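This briefing covers helix packing, pockets and salt bridges. Please keep the sequence and the model in view while reading.

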Amino acid sequence: FSQKMLEEAQPKCFADLLQISGLSHGTDVWTGNAQDLIKDGTCTISQVIGCRDNIMIDLIRYGLDNAESFKIMESVRKGKGLTPEWEEHMREHNVPDWYIASCKKIKYMFPRGHAVAYVTMGLRVAWYKVYRPQAYYAAYFTIRGDGFDAARMLLSVQTLRDRLTDFANREEKMSVREKQEENAYRM
C-alpha cells in the first residue's frame, strides 16, 4: 500500500515522506481523497492534507484565527467534519473548494510527530540495509527469522522465484509458516 502511494505521489523531499506516512496511517485521507486530488492534478503531495497538524497550519496561513483553526483541525481529525460556520469562514479566506471537500471526507488523521518518528526510523533502517547489510540482515533474521531456512536460502535464485510465484498463484490460503517463508524470500 505505502509503496504504491510512493509511486503515485512522487515525493521530492523529507516533508513529502511525512505526508505519505500521515496519509497511510489515517482513515479516508488517501483513497478517495488525496490520491484523487494528486491524480487529477488538483494539487501535489506537498499540498494535500497529510497530517492533522497540516489543517491548523494551513488555515492559519489562509488567515483564519488561531483558535478557530485549532478547533477545525480537532473536529476534522476526529471525523466530525466542518460546521457550516467554519466552512463559510474558510471560503471567506479563500480556502480552495478541494481543501474544504477533503476536510469533509477525513475520518481520522495521524499527528505529524508520529509521522516524523516513523519516517526517521524508516530512513535509519534503510541506511543500515544499504550501507551495513550484514548487520541489517543479522539483526533482521535474529528478530524476525521465523520463516528463514538457511538450507532453502542456498537454493538457486530461480528456485526461490519459482517458490514465490507458487505462493502468488495459490488459490487456497497460505499457512502462517508459508507466509513467514515468503517474507524471508522477499528480504
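How do the residues of the lining of the largest pocket divide into nonpolar, polar and charged? They divide into nine nonpolar, six polar and no charged, where Ala, Val, Leu, Ile, Met, Phe, Trp, Tyr, Cys and Pro count as nonpolar, Asp, Glu, Lys and Arg as charged, and the others, Gly among them, as polar. The model is predicted: local features need pLDDT of at least 70 and side-chain atom pairs count only at pLDDT 80 or more, whereas totals for chains, interfaces and linings use all residues. Residues are numbered from 1 along each chain as its sequence is written, and side-chain values use heavy atoms, with hydrogens and water left out.

**Largest pocket**

- The volume of the largest pocket is about 410 Å³; a pocket is an open set of points on a 1 Å grid over the protein atoms alone, where a 1.4 Å probe fits, with protein on both sides within 12 Å along at least five of seven lines.
- Its volume is the space filled by probe spheres set on the points, which are joined across faces, edges and corners.
- It is lined by 15 residues, and S2, L6, L17, V119 and G122 are the closest to its centre; lining residues have an atom within 4 Å of a point.
- Helices α1, α2 and α8 (112-131) each supply at least two residues of this lining, and α8 gives the largest share, six residues.
- Helices here are DSSP runs (H or I, at least four residues), numbered from the N terminus.

**Second largest pocket**

- The second largest pocket has a volume of about 280 Å³.
- Its lining also has a count of 15 residues, with S46, Q47, N54, D58 and R61 nearest its centre.
- Two or more lining residues come from each of α2, α4 (52-62) and α7, and the largest share, five residues, belongs to α4.
- This lining comprises seven nonpolar, four polar and four charged residues.

**Helix α3**

- Within α3 (residues 30-39), the buried residues are W30, N33, A34, Q35, L37 and I38; buried means under 20% relative accessible area, exposed over 50%, and partly exposed in between (1.4 Å probe, protein chains only).
- Viewed down the axis of α3, these buried residues fall within an arc of 155 degrees, so they line one face of the helix; the arc is that of the directions from the helix axis to the C-beta atoms.
- T31 and K39 are exposed residues on the face of α3 turned away from its buried side.
- The buried residues of α3 pack against α1 (2-9), α2 (14-25) and α7 (97-105), contact being heavy atoms within 4.5 Å.
- G41 follows α3 and has a positive phi, near 80 degrees.

**Salt bridges**

- The structure holds 11 salt bridges, each a side-chain nitrogen of Lys or Arg within 4 Å of a carboxyl oxygen of Asp or Glu.
- In α1, K4 and E8 are four residues apart, about one turn of the helix, and their closest N and O atoms are 2.9 Å apart in a salt bridge.
- In α11 (residues 157-169), R163 and D166 are three residues apart, about one turn, and their salt bridge has its closest N and O atoms 3.7 Å apart.
- D166 counts as partly exposed because its relative accessibility is 34%.
- D166 also forms a salt bridge with R170, the closest N and O atoms being 3.5 Å apart.
- Through shared partners, salt bridges join R163, D166, R170, E172, E178 and E181 into one network.
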